[in-house]
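Me: I am new to this structure. Please take one part and look at it closely. Keep it brisk.

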Amino acid sequence: MSTVGPQKAALKINHYLTFFLDLETTWQQVPNYPQLLHHFGAEGLRRVRLPMRWLHEAKGVEP
């Protein structure tokens, strides 16, 4: 929310919810980047750039 602002964050949360639910059901924790790449593919990770940026900044997920 601090990066994109509260309005954009509120509008985009439903778009990214499936990504976070998939993380939760598959790993129950934040996986490393190679696991994400294998599971979602490069194009899949491109579609979730904002959550990936958050994972990098908050959780240290490094490509």
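Predicted model: local features only at pLDDT ≥ 70, side-chain atom pairs only at ≥ 80, totals over all residues.

Reply: Start with Arg-47. Its relative accessible area is 57%. Arg-47 is therefore exposed, since the cut-off for that is over 50%.

Arg-47 forms a salt bridge with Glu-43. The closest N and O atoms of this pair are 3.9 Å apart. A salt bridge here requires a distance within 4 Å, so this pair qualifies.

Glu-43 has another partner. Its side chain meets that of Arg-46 in a salt bridge, at 3.0 Å from N to O. Why can these two meet? Side chains of opposite charge can pair when their charged atoms come close. Arg-46 and Glu-43 both belong to helix α2, 3 residues apart, so about one helical turn separates them. An α-helix has 3.6 residues a turn, so residues three or four places apart point the same way.

Now check the surroundings of this pair. Arg-46 has 43% relative accessibility, so it counts as partly exposed. Glu-43 counts as partly exposed as well, at 42%.

Glu-43, Arg-46 and Arg-47 are linked in a network of salt bridges. The structure holds 2 salt bridges.

Definitions and conventions: Residues numbered from 1 in each chain as written. Heavy atoms only, no water. Helix = DSSP H or I, 4+ residues; strand = E, 2+ residues; numbered from the N terminus. Buried < 20%, exposed > 50% of the residue type's maximum accessible area, 1.4 Å probe, protein only.
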